[in-house]
Amino acid sequence: MDEWSLNRWRKLNILQQPEYKNLEHLKDVRSKLGGFPPLVFTGEIENLKSQLAKACRGEAFILQGGDCAETFKDFSVDNIRDLLKVFLQMSLVLTYGVSKPIVKIGRIAGQFAKPRSAMNETIDGETLPVYRGDQVNSLAFNKEARENNADNLLKVYHQSSSTLNILRAFCKGGFADLNSVNNWNLDFTKNSKINLKYHELVEDLEKSLSFMKACGIDSSNTSSIKEIDMFTSHEALLLNYEEALTRKSSENQKYYDCSAHFLWIGERTRGIDDAHVDFFSGLENPIGVKVSGNISDDDLLRLTDKLNPNNEEGKLTFITRMGADNIRDNLPRLLRNIQREGKNIVWSSDPMHGNTFTTSSGVKSRMVDSILKELKAFFDIHHAEGTIAGGVHLEMTGKDVTECIGGSKKYIAESDLGINYNTSCDPRLNSHQALEVAFGITDLMQQTTDK
Ligand code: PEP
Ligand code: CO
């Protein structure tokens with residue numbers, strides 16, 4: 001095979017790509033994207049990789065999360081701020097609970113394209129192409145909406161650019177200052193057991209900050225008190241977009257996909273000889289691969305060699321999404337294979353995608369209890385195998401949605417799902433459920449350390 005190049009993937013088998021009627025138009029869109037400024041910078045990408053290397057060694061913990069799919073209609077400063085509030089609250093809970101820095105990675109500023117299990121969808125006898133995310137077509141069920149539109153690639157770039165601008169302002173401009181912890185409260189999490197637990201922690205934090213201030217350490221001289229790094233990520237599904245946003249660094253002559261800091265390859269597109277794996281094998285970004293229990297031992301090792309040939313710490317993350325009932329049968333064998341070969345892998349748990357089901361009335365949902373059950377198994381297994389549980393990957397929002405069943409504030413029952421079901425794709429944890437999961441993770445990590 002020829003040497004790796006930015007477009008070698010075009011000769012390979014590729015799955016889940018939209019077909020466009022007007023290829024000249026697509027070419028024009030690609031060349032426009034190619035001329036735009038990078039969304040993220042190579043130094044930031046390397047910074048994330050070194051933080052992921054810490055997670056690989058157990059010196060940091062990854063919190064990755066956000067919408068299943070961002071949309072054009074839900075773009076607003078409020079939505080971004082509310083997601084960031086949940087991130088900050090969860091990070092605080094986790095930092096306190098596990099005494100490690102939390103690497104914060106949003107499923108944001110580019111998470112718009114969805115792999116689908118069927119090509120078409122039929123409603124009331126009418127069959128149309130399936131919705132593949134706003135980066136491809138539109139959710140409304142009519143022929144025009146479901147047509148693939150290459151201009152959406154440009155719209156995604158511009159919305160991602162604005163989102164990053166807002167994120168950077170919030171993360172560096174005072175909002176994330178630990179002294180502003182009371183500004184991160186979300187109204188609807190008030191008056192709950194979890195909220196009380198959270199406020200006890202905030203009181204402790206305030207005491208620590210006063211103590212540190214008395215010792216001369218405060219936000220005026222210590223940047224980690226007043227600002228955070230928030231990285232971006234998405235499933236790198238549409239290679240026309242990813243290729244167009246890849247840049248060669250003038251410093252080291254290597255290639256970086258500057259559409260996001262962290263990109264992952266989905267469960268449906270991780271074919272070892274296919275286009276996605278080939279494209280990402282030539283890039284410097286840290287890469288994730290979603291892994292279900294269906295992966296063979298051989299494929300896991302071949303993916304490892306291809307995507308992390310130099311065995312760099314922090315370069316490759318396996319995001320396991322096996323399902324609460326499946327994980328105990330499959331994760332141990334994967335961990336043992338990787339251990340035996342001495343490979344450096346970051347292990348993260350996505351307890352969402354293996355636990356999705358459709359209710360009898362046809363609504364996609366997830367049980368908070370199954371999410372916690374998969375997480376418990378993830379931490380137990382790592383503890384038993386002597387490997388490192390490096391992080392979690394969640395679908396969540398700062399809004400008070402009713403998409404996942406369960407939760408301790410107001411139990412969301414199956415019959416409540418219709419109250420505020422807003423996702424354009426998979427069901428997300430609402431902010432209270434997300435905070436509850438963060439406390440759950442803390443408990444699990446405390447139970448499985450130093451025993
Ligand atoms: C997702 O993360 O939204 C997704 C589609 O995941 P997976 O590839 O694990 O199914
Ligand atoms: Co999803």
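In which helix is Glu243 found? Glu243 is found in helix α7 (residues 239-244), helices and strands being DSSP runs (H or I of at least four residues for helices, E of at least two for strands) numbered from the N terminus. The legends below describe a predicted model in which local features need pLDDT of at least 70, side-chain atom pairs count only at pLDDT 80 or more, and totals for chains, interfaces and linings use all residues. Residues are numbered from 1 along each chain as its sequence is written, chains are lettered from A and ligands numbered from 1 in the order in which they are written, and side-chain values use heavy atoms, with hydrogens and water left out.

**View 1. Glu243 in helix α7.** Glu243 has a relative accessible area of 17% and is therefore buried (under 20% relative accessible area; exposed is over 50% and partly exposed in between, with a 1.4 Å probe and protein chains only). The side chains of Glu243 and Arg10 are joined by a polar contact of 3.1 Å. A polar contact is a pair of N or O atoms within 3.5 Å; within protein, one must be able to donate a hydrogen and the other to accept it, and residues adjacent in sequence count only if both atoms are side-chain atoms.

View 2. Oxygen atoms of ligand 1 lie 2.7 Å from a polar side-chain atom of Lys114, 2.9 Å from a polar backbone atom of Glu267 and 3.0 Å from a polar side-chain atom of Arg268. The protein buries 98% of the 300 Å² that ligand 1 exposes when taken alone (Shrake-Rupley method, 1.4 Å probe).

**View 3. The cobalt ion (ligand 2) and its donors.** Cys68 (SG), His353 (NE2), Glu395 (OE) and Asp426 (OD) coordinate the cobalt ion at 2.1 to 2.4 Å. Donors are N, O and S atoms within 2.8 Å of the metal (3.2 Å for Na, K and Ca); water is not among the atoms, so sites may look incomplete. The spacing of the donor residues in sequence is C-x284-H-x41-E-x30-D. Distant parts of the chain are linked here, with Cys68 in the loop between β1 (61-66) and α3 (77-98) and Asp426, 358 residues apart from it, in the loop between β14 (389-395) and α12 (431-447). Both Cys68 and Asp426 are buried.

**View 4. Helix α2 (residues 42-57).** The end C-alpha atoms of α2 are 23 Å apart, which agrees with the 22 Å that its 16 residues should span at 1.5 Å a residue; the expected span is 1.5 Å times one less than the number of residues. Buried residues in α2 include Ile45, Leu48, Leu52 and Cys56.

**View 5. Helix α12 and its start.** The 17 residues of α12 reach 24 Å from first C-alpha to last, close to the expected 24 Å. Of these 17 residues, 14 are buried, and α12 is thus mostly covered. At the start of the helix, a side-chain oxygen of Asn430 comes to within 3.1 Å of the backbone nitrogen of His432.
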